[in-house]
Protein chains: 2
Amino acid sequence: MSAKRAPDADPARSLALLWSSHSRPGRSGLTVRAIIEAAIGIADTEGLDAVSMRQVAERLGVGTMSLYTHVPGKAELTDLMVDTAYGRLYDDVDAPAAQPGGWRGGMEFVAARNWDLYRRHPWMLQAPGGRPVLGPNAVLKYEAELRPLDGVGLSDVEMDSVLALVLTHVEGTARLGASMARAQQDSGMNETEWWTVNAPLLDKVMDASRFPVASRVGEAAGREHQGAADPAHALAFGLARILDGVAALIAGR
Amino acid sequence: MSAKRAPDADPARSLALLWSSHSRPGRSGLTVRAIIEAAIGIADTEGLDAVSMRQVAERLGVGTMSLYTHVPGKAELTDLMVDTAYGRLYDDVDAPAAQPGGWRGGMEFVAARNWDLYRRHPWMLQAPGGRPVLGPNAVLKYEAELRPLDGVGLSDVEMDSVLALVLTHVEGTARLGASMARAQQDSGMNETEWWTVNAPLLDKVMDASRFPVASRVGEAAGREHQGAADPAHALAFGLARILDGVAALIAGR
DNA sequence: ACGTCGTACCGTACAGCGTACGGAACAGTT
DNA sequence: AACTGTTCCGTACGCTGTACGGTACGACGT
């Protein structure tokens, strides 16, 4: 009954690596930093599935097994990739708080930046989630994103909850966007094309009268969004509702 | 430059299979339905990673390649698994709309049911997302979940947006919950244990004075939730804010 | 009753994955 | 110059999804 079944990252190993200095100890110039960067490069252009230890090693001109001198395994490498990507979110810890529009402007900025991050690095959404990362950049991100909420009338626990709510929403809509982009890419059809091709089959097989509300609403939404869903619209609409709800919470004191 | 790189499901094949009758054409009694059920059984108890074609075949007492007579490939099988799981959400199409508390009560019911679904079948959150499923049960789910929102003062497009917002929130918090449960399971420590073990290391390496807000809020939230995060609380808090925001949208007409 | 044909079943094989293991080669210290 | 510790990496194992081709059965026409 060994624990090998689920190849999750060892959190302690990840933690140590994340906070270590990533110095260059090797004689071939191989570095943890370089490994991470190569892996991210592959993931950005070919997706997370294409990131194999062999591919990373080849890109670095190095034997596959040499990677294991610097990194415990693939799961921990993924953790490092994620934290590194977080590092590119904000130039300054005060960027969100410095935004105009108070806490609401700050949260909208946070949402937009995270959205961009996921659009540039869709592989982050495919990364299997073990324990959340907790590297230096993740902590910095947390600090930066909490600051706009400080001193606006929320308790500490509520600040955390509000931020988590916004981030969950962005991640969810970004996931939708990524899967649609992916589907579009490897089917070669965009949303509208795919629907005009497959609509007859669906109409034939699914009796619209059994689903009156669904067919009416689905058609209206499909026309409006030019497809089954519009991630950008979902992001904006949801964020507006969420921030309205938070405003009500703050005002109701 | 073939399209084999990303083994996503062929949507047209999935569609056809999803809406076909799943009759038993074989001489060994092997059925699409049986394959799906076996796969779900494995996924429920051992996770989606453990669902390999060989494992499924073995559970059915059948040669591995026989599965391919009934199912085009693993990606399409995953689509079938998801739609089948959707089928267990509501006994009746009117269950959400029949809930007390108007549209709000309906949405809370929808959220609770989806939450339960993800708790019982966490593998649904690991399923790689190509184009969304669109099987018969998914359509039925869509119909059932839209009905509480019908005739409350929302446009058709807004009904779709509100539902998507709620579902995205539930899925996101459920994902958090699943990853925490998984981390807890294969580390053998619960949240509090893990934190008391690893807190010293983190304290040593991370300078709390650089992250004043994060450390203050993080500590408060950690104490409140007895861990890094509390998925159930995140679900309730977020849902309340979201529905408040939707109420404001409806009232502001 | 018997040949014929379509198709369900499945054994073998291949390319790719993560990584355990052990040997070789080099750096630094004594 | 010899020893020691670390870095580098070739080989091998068990696993994955599935392409291909052979076999054997059920049904149907005569």
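Predicted model: local features only at pLDDT ≥ 70, side-chain atom pairs only at ≥ 80, totals over all residues.
Quick housekeeping: residues count from 1 along each chain as written, and chains are lettered from A in the order written. Local features need pLDDT of at least 70, side-chain atom pairs 80 or more, totals for chains, interfaces and linings use all residues, and side-chain values use heavy atoms, with hydrogens and water left out.

Okay, helix 10 of chain B, residues 212-225. Helices here are DSSP runs of H or I, at least four residues, numbered from the N terminus. Which of its residues are buried, meaning under 20% relative accessible area with a 1.4 Å probe, protein chains only? They're Val213(B), Ala214(B), Val217(B), Ala220(B), Ala221(B) and His225(B).

What do the buried ones pack against? Helix 7 (136-146) and helix 8 (156-187) of chain A, plus helix 11 (231-251) of chain B, with contact meaning heavy atoms within 4.5 Å.

Now the cavity. The lining of the largest cavity is Leu165, Thr168, His169 and Ile242, from chain A and from chain B. Helix 8 of chain A and helix 8 of chain B each supply at least two of the lining residues.

How values were computed. Expected span 1.5 Å × (residues − 1). Buried < 20%, exposed > 50% of the residue type's maximum accessible area, 1.4 Å probe, protein only. 1 Å grid on protein atoms, 1.4 Å probe; cavity = no way out; pocket = protein on both sides within 12 Å on 5 of 7 lines; lining within 4 Å.
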